[in-house]
Amino acid sequence: MRKRISKILITGGAGFIGSAFVRLLVNKWERSYFFAKNRNAPILIDKLTYAGDLKRLEEVKGKFKFYKTDICNKTSIQEIFEKERPDIVMHFAAESHVDRSINDATPFIDTNVKGTQILLDVSRKYQVNKFIHISTDEVYGEIPNGKFSEDSLIKPNSPYAASKAGADLLVQSYIKTYKFPAIIIRPSNNYGPWQYPEKLVPLAILRILGGEKIPVYGKGVNVREWLYVDDCVRGVLAIMQKGKIGEIYNLGSTCESKNIDTVKLLLKTLGVGQDRFEFVKDRLGHDIRYSLNSRKITNELGWKPMIGLMPGLKLTVDWSLKHQIWLKSKLKDINQFYKYGTK
Ligand SMILES: NC(=O)c1ccc[n+]([C@@H]2O[C@H](COP(=O)([O-])OP(=O)(O)OC[C@H]3O[C@@H](n4cnc5c(N)ncnc54)[C@H](O)[C@@H]3O)[C@@H](O)[C@H]2O)c1
């Protein structure tokens with residue numbers, strides 16, 4: 001008898017990481033989907049905020065079902081669950097940019113906290129088999145030395161990180177209170193194709209393409225752990241398939257780099273002068289360093305990152321040069337947001 005294919009519902013599927021996950025899922029399982037006559041094609045829910053874009057999914061067009069909906073709209077989410085009856089929920093949808101959360105935390109609390117609660121309640125009502133919550137390393141706060149493990153305390157600093165931590169606590173409370181079958185994943189800083197160019201790597205590329213300098217916060221000494229998006233979604237898939245219910249998994253690359261060094265690597269990859277950056281006023285409350293101990297996923301599930309920082313930046317630059325029209329289409333919004341100079 002042929003194994004039944006799980007019906008997977010993905011929130012934030014038109015976003016940077018969510019869309020990479022959808023592409024991986026469809027490409028990996030295309031044959032199975034063919035056999036299932038598309039009955040179990042992934043179901044995407046996305047509000048298509050400024051950060052959502054279906055162009056990210058053009059290569060898998062027709063191989064997923066799409067609902068343009070806000071996860072905060074409980075009636076609409078219930079109707080979708082009633083119709084689709086998903087087995088697994090992959091929850092990527094979020095307001096994701098720290099700078100925007102510093103300007104206004106409201107949409108962060110709405111989507112990241114309230115939206116997650118609605119999704120949890122509806123998923124519980126429809127008895128999903130698995131709920132995978134995509135969190136972030138930022139919930140732990142900053143760590144000048146050492147690494148965060150899954151049982152480190154959460155101590156978020158930005159409104160974004162606080163809203164994600166709120167969501168994590170809700171998920172954990174549902175696991176404990178209702179024996180709800182959830183798993184939390186905490187990835188480090190992602191970069192790669194299709195990232196909205198408000199985040200450091202694509203913003204830097206966009207500025208250079210526009211003949212400008214790259215804005216670097218403070219003195220550029222803040223350290224991030226850079227995870228190539230394809231490595232991230234392979235990790236997410238491994239956890240979806242083999243992760244233990246009720247657990248938390250860190251998902252980091254070990255590729256730590258100061259922002260200034262990342263920018264210099266990018267300048268080298270782009271083949272432009274090493275002086276094409278400028279220091280700008282630091283971000284408020286800027287966390288000095290994030291660093292994850294990700295041994296658990298490697299030891300338990302066999303996942304390892306495959307793409308180092310230098311090759312990952314090269315892949316990202318090559319992709320960006322081929323997708324300049326898409327990147328530049330976001331310029332008006334980026335300039336509007338950063339109208340007082342890059343924060
Ligand atoms: N980008 C990173 O470096 C990073 C690192 C760790 C964790 N994460 C987490 O991974 C997830 C995905 O991040 P991303 O970088 O792809 O974000 P993104 O901003 O690129 O995409 C978010 C997606 O969610 C959708 N969305 C936002 N609000 C919604 C709502 N109310 N209802 C339905 N859809 C809504 C947007 O339209 C967009 O398509 C987020 O939960 C984020 O917190 C991101």
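In which hand, left or right, does H3 pass H5? H3 passes H5 in a right-handed crossing; a crossing is right-handed if the near helix is turned clockwise from the far one by less than a right angle, and left-handed if anticlockwise. This is a predicted model, in which local features need pLDDT of at least 70, side-chain atom pairs count only at pLDDT 80 or more, and totals for chains, interfaces and linings use all residues. Residues are numbered from 1 along each chain as its sequence is written. Helices (H or I, at least four residues) and strands (E, at least two) are DSSP runs, numbered from the N terminus.

**Helix pairs**

Two packed helices are described by the angle between their axes and the distance between the axes. Axes are lines fitted to C-alpha atoms, for helices over the stretch in contact, and angles run from 0 to 180 degrees between N-to-C directions.

- Helix H3 (residues 74-84) packs on H5 at an angle of about 35°, and their axes are 10 Å apart.
- Lys74, Ile77, Gln78 and Phe81 of H3 meet Ile118, Leu119 and Val122 of H5, where contact requires C-beta atoms, placed from the backbone, to lie within 7 Å.
- The contact of H3 with H5 has five nonpolar residues, one polar and one charged. Here Ala, Val, Leu, Ile, Met, Phe, Trp, Tyr, Cys and Pro count as nonpolar, Asp, Glu, Lys and Arg as charged, and the others, Gly among them, as polar.
- Helix H5 (residues 106-125) also meets helix H6 (residues 159-178): their axes come within 8 Å and cross at roughly 20°. H5 is therefore roughly parallel to H6, a label for angles under 35 degrees, while over 145 is roughly antiparallel, 65 to 115 roughly perpendicular and the rest oblique.
- The crossing of H5 and H6 is right-handed. The residues in this contact include Phe108, Val113 and Leu120 from H5, and Tyr160, Ala167 and Tyr174 from H6.
- By class, the contact of H5 with H6 holds 11 nonpolar, five polar and two charged residues.
- The axes of helix H1 (residues 16-28) and helix H8 (residues 229-242) come within 9 Å and cross at roughly 65°, so H1 is roughly perpendicular to H8.
- H1 and H8 also have a right-handed crossing. Their contact is made by Phe16, Ile17, Ala20, Phe21 and Leu24 of H1 and by Val229, Asp230, Cys232, Val233, Arg234, Val236 and Leu237 of H8.
- The contact of H1 with H8 divides into 10 nonpolar, no polar and two charged residues.

**The cores and helix H7**

- The largest nonpolar core has 76 residues, and Ile10, Phe21, Ile185 and Ala204 touch the most other members. A nonpolar core is a set of buried Ala, Val, Leu, Ile, Met, Phe, Trp, Tyr and Cys residues joined through C-beta atoms within 7 Å.
- Helix H7 (residues 200-209) gives the most to this core, with seven residues.
- Another core, of 11 residues, lies apart from it and includes Val98, Ile154, Ala161 and Leu292.
- Nine of the 10 residues of H7 are buried. A residue is buried if 20 or more other C-beta atoms lie within 10 Å of its own, exposed if 12 or fewer, and partly exposed in between, with C-beta atoms placed from the backbone.
- The cover over the buried residues of H7 includes strand S8 (214-217), helix H9 (259-270) and helix H11 (309-322).
- Alanine 204, one of the buried residues of H7, touches Ile214, Val263 and Leu266, not counting residues up to four places away in sequence.
- Just after H7, glycine 211 takes a positive phi of about 75°.

**Threonine 11**

- Threonine 11 belongs to strand S1 (residues 8-11).
- Why is threonine 11 classed as buried? Threonine 11 is buried because 27 other C-beta atoms are within 10 Å.
- Leaving out residues up to four places away in sequence, threonine 11 touches Ile45, Ile71, His91, Phe92, Ala93 and Leu119.
- Valine 89 is 78 residues from threonine 11 along the chain, and their C-alpha atoms are separated by 7.8 Å.

**Positive phi in two loops**

- Glutamine 127 is not a glycine, although it has a positive phi of about 50°. Glutamine 127 lies in the loop between H5 and strand S5 (130-134), and counts as exposed because it has 10 C-beta neighbours inside 10 Å.
- Threonine 254, also not a glycine, has a positive phi of about 70°. The loop between strand S11 (248-251) and strand S12 (256-258) holds threonine 254, which counts as partly exposed, with 17 C-beta neighbours inside 10 Å.

Conventions
Contact = placed C-beta atoms within 7 Å.
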